[in-house]
Amino acid sequence: MCGIVAYLGSKEALPVLIKGLKRLEYRGYDSAGIVIQNNHRRLNVFKRKGKVSDLEAMVRDKDISGHMGIGHTRWATHGKPNDINAHPHTSSNHRLALVHNGIIENYAALKKALEKRGHKFESETDTEVLVHLIEELQQSEQLSLAEAVRMALTKVVGAYAIVVMDTQEPDTLVAARKSSPLVIGIDNDEFIIASDATPIVEYTNKVVYLDDDQLAIIQSGELQLLSIENEVVPLDIREIDMELERIEKGGYDFFMKKEIHEQPTTVRDSMSGRINAAEGWAKLGGLEEHINRFLQAKRITLIGCGTSWHSALIGEYLIEQLARIPVEVEYGSEFRYRNPVITGDDVAVAISQSGETADTMAAIKLAKQMGAFTYGIVNVVGSSIARITDAGSYIHAGPEIGVASTKAFTGQVSILAIMALQLAERNGSISKTRFRTLLAELENIPAKIQQMLEVDASIAYIANEFRNATNFLYLGRGVNFPVALEGALKLKEISYIHAEGYPAAEMKHGPIALIDENMPVVLIATNNKAYEKVLSNVQEVKARGGRIIAVVTEGETQITKLANYAINVPRTDDFFAPLLSVIPLQLLSYHIAVLRGCNVDQPRNLAKSVTVE
Ligand code: G6P
């Protein structure tokens, strides 16, 4: 949801900014812009509708030297994507340039008041209000840039990550955050500010995470943090560990393809040091420290959005079945606004790849306020949810760049599986033998995902037959129902084909009316328990002329015979079937999207990290 990168140091700013924006493009890609302050204290602003590559083409032959600059890649909230609404925005006197990620909720009132005082606005954005407000405060109160930014922010309601520069204060960058992330990379007297660490890791592994209601002031080669109340905040410099190759495409056409194929490794990484079948233990460190809060909880609420919500549904199944603790699953956005009943006996678990999703963040904050013990299952190290929760487990999937989540999903499910097993073992709801059998099977999953990926070419073939479909139905039962939802979401997101996920047995209560020879039905039928029932569903679809792509356990014959296409999944325990059955669905959506000429990594209207509510 908008990416920010800013540079101040001895290098030329332009290449650092362009490269940084490319890394952040997953956050928004409808327009992009940069501003560089040259040695004559002039702002060179270039911005345009389109992708970062369009901006790059625009600046290619221009002389834009300077050692300080700010860049932005936008996901429009206020004002449509066009050249004017693109960031940076500048003040009337052309002294200030500012980029923003978030929403200024009271912008209309602020704008009206500023217009009354003679300010003229060029764009339809909420952001432009901020730059005018800072300008006005600077002029009327003779304030420094940092002080004017701080004062302006006290008048603002909403969410923001901003970076500002002023031609009258060369070698100064001021940044601030509330609810939208900012990380500052430090290498001696060189600084990179960014929405996440991906533009930074190439230059330094030393970072400072800005917290809500804090300002960062970089001046004369020094970084200082201030609270919005004007108190100095001590610097907490952390070392991050992110390998550069993990944020490059590495020979794949799209990040999504790379990320799908990384899953044997990422799932192994998510489990590494956390389970051991031979020794018979499962241990998420964060959970172990607070295990009694979980074991004594009257309920565990799993909160997420999008794909992470689907992981939560699988988590509900696993925790309830194995550990026999009641679980609720909530959308972050719904939980917050319905006055939930939460007490000190509750545990609330936020599941989030980015750790920045505004709705999930707001929900977990509310749960915390109401007394719940909070836990984060998060991928991005140092992200807001990771920092606000009482404890948590990282997924260790490495940076996920493709907008459609793949490896984060399997990472989340792996963590939830370990959580379920750990809780089950500790509260005695599982026998020792069963516990060890399940641990051994979980350890086998990465190898089985590897085996699963061998279907890639045959899925590409199936995709070709279905590429022109306009609707898809995905059906699954039990733990495979969330997989059906996830398969449908993947297809919608990247190929723009309407798709719905349904519990297989619910089909006859509505969706069956849609089935004809034009409606492909993807049936996830690896379950053992409900096998006979699912077989009946296949017959029902078949009787109405529907075309079936079935995902079945290897060796299965009956559904295989009836289906138009059958994809074999290696045998595993039902509990872990989603970790395998989701792989062909990820690949199917990927191939269909590629065949339809869609930009798989940057689907229209979406953003990877949704930091607005
Ligand atoms: C966006 C992304 C989805 C993601 C969801 C939740 O909608 O496009 O892929 O599942 O946000 O994101 P989170 O980072 O909280 O998992």
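This is a predicted model: local features need pLDDT of at least 70, side-chain atom pairs count only at pLDDT 80 or more; totals for chains, interfaces and linings use all residues.
Hi everyone, thanks for coming. Let me start with the sheet built from eight strands. It is open, its pairing is antiparallel, and the order reads S3-S2-S4-S1-S10-S9-S11-S15. At the edges you'll find strand S3 (43–49) and strand S15 (238–239); each has a single partner strand, so one side of each has no neighbour in the sheet.

Within that sheet, have a look at S9, residues 183–187, and S10, residues 190–194: five bridges pair them in the antiparallel sense. Helix H2, residues 52–59, lies across S2, S3 and S4 and runs at about 135° to S3.

Now to the other sheet I'd like to show you. Here five strands form an open sheet with parallel pairing, in the order S19-S18-S20-S21-S22. Its edges are strand S19 (327–331) and strand S22 (391–394), and because each has a single partner strand, one side of each is left without a neighbour in the sheet. From one strand to the next, the twist averages 20°.

S18, residues 299–304, runs parallel to S19 and is joined to it by five bridges. In that pairing Ile300 stands opposite Val327 of S19. Helix H10 (residues 306–323) packs on the sheet against S18, S19 and S20, with its direction at about 175° to that of S19. Then there's H14, which lies across S18, S20, S21 and S22 and runs at about 140° to S21.

Ile300 comes back when we turn to the cores. Together with Phe472, Ile300 has the most contacts inside the largest nonpolar core, which has 94 residues. Helix H14 (residues 407–426) gives this core its largest share, eleven residues. A second, separate core has 32 residues, including Ala32, Val52, Ile64 and Ile200. As for Phe472, its contacts beyond four places in sequence include Phe466, Leu491, Met519, Ile549 and Ile592.

Methods. Residues are numbered from 1 along each chain as its sequence is written. Side-chain values use heavy atoms; hydrogens and water are left out. A nonpolar core is a set of buried Ala, Val, Leu, Ile, Met, Phe, Trp, Tyr and Cys residues joined through side-chain atoms within 4.5 Å. Buried means under 20% relative accessible area, exposed over 50%, partly exposed in between (1.4 Å probe, protein chains only). Helices (H or I, at least four residues) and strands (E, at least two) are DSSP runs, numbered from the N terminus. Contact means heavy atoms within 4.5 Å. Two strands pair if DSSP finds at least two bridges between them. Axes are lines fitted to C-alpha atoms, for helices over the stretch in contact, and angles run from 0 to 180 degrees between N-to-C directions.
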